[in-house]
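Work through the exercises below with the sequence and the model open. Each task is followed by a solution in steps.

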Amino acid sequence: IMLDDNVFNFARILPNLKDLRLKNFIKESSIPNVMFQVIKGLDKLEFLELRSNHLEAIPANAFKFAGTALKKLYLSHNSIKHIDPNAFTNLSHLEILDISHNHLVHLNDYTFKPLKNLQFLTMYRNQFQNLSEYLFQSNKKLISLDISQNNQLEPLPAQLFNGLTSLSNLSLAHCNLTAISIDQRQFFRN
């Protein structure tokens, strides 16, 4: 049940695991990306909670093992400063993603691109300064988006919500925006 560097791995003893909650599981480790080694191979996992584990980055292909099974992923209350643009590759069936309460300042245009079935995205209480107009372009099924409490956020791009016709819940509370958009006329036309 041990991997390289003597890391415990759940897949070797619980290969049919569907629900895994690892809140406050790892306090600190000298092994890079140890959390992703612990969960590697859990290809039947549908629910994964990695809250409060002092994660600082989400590497490329971090959830590659999950395939089409993973539906709910909770990464809140960590110290995440960076999400690799390819971190969510292979998660085309993910419906819920929570990256709130982290230290994110920027996300790549393609970060959420693989998440074609994403319906609920929670991004509140980060340190976002700006959001790319292409950030949500592949998330046509998005119903709820919470960007609140990002008080350094600059006015939003006019095209940010283009194509999000299913969006019925949007929170921008406590963002301290000086204007809703750089181009307000275009923003409200979309």
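**Exercise 1. State what share of the residues of the protein chain counts as buried.**

Step 1. Apply the cut-offs: buried means under 20% relative accessible area, exposed over 50%, and partly exposed in between, with a 1.4 Å probe and protein chains only.
Step 2. Of the 190 residues, 45% count as buried.
Step 3. Note the basis: this is a predicted model, in which local features need pLDDT of at least 70, side-chain atom pairs count only at pLDDT 80 or more, and totals for chains, interfaces and linings use all residues. Residues are numbered from 1 along each chain as its sequence is written, and side-chain values use heavy atoms, with hydrogens and water left out.

**Exercise 2. Decide whether the radius of gyration of the protein chain agrees with that of a compact globule.**

Step 1. The radius is taken over C-alpha atoms, and the globule rule is 2.2 Å times the number of residues to the power 0.38.
Step 2. Because the chain has 190 residues, the rule gives a value near 16 Å; the chain has 17 Å, which agrees.
Step 3. For the outline, the C-alpha atoms fill a box of roughly 60 × 30 × 20 Å along the principal axes.

**Exercise 3. List the secondary structure of the protein chain in order from the N terminus.**

Step 1. Helices (H or I, at least four residues) and strands (E, at least two) are DSSP runs, numbered from the N terminus.
Step 2. The count is three helices and nine strands.
Step 3. The order is α-β-α-β-β-β-β-β-β-β-β-α.

**Exercise 4. Describe the surroundings of E49.**

Step 1. E49 belongs to strand β2, residues 47-49.
Step 2. E49 counts as buried because its relative accessibility is 10%.
Step 3. With contact meaning heavy atoms within 4.5 Å, and neighbours within four places in sequence left aside, E49 touches L20, R21, L22, K23 and Y74.
Step 4. Across the chain, 61% of the contacts with a separation of 6 or more join residues 24 or more positions apart.
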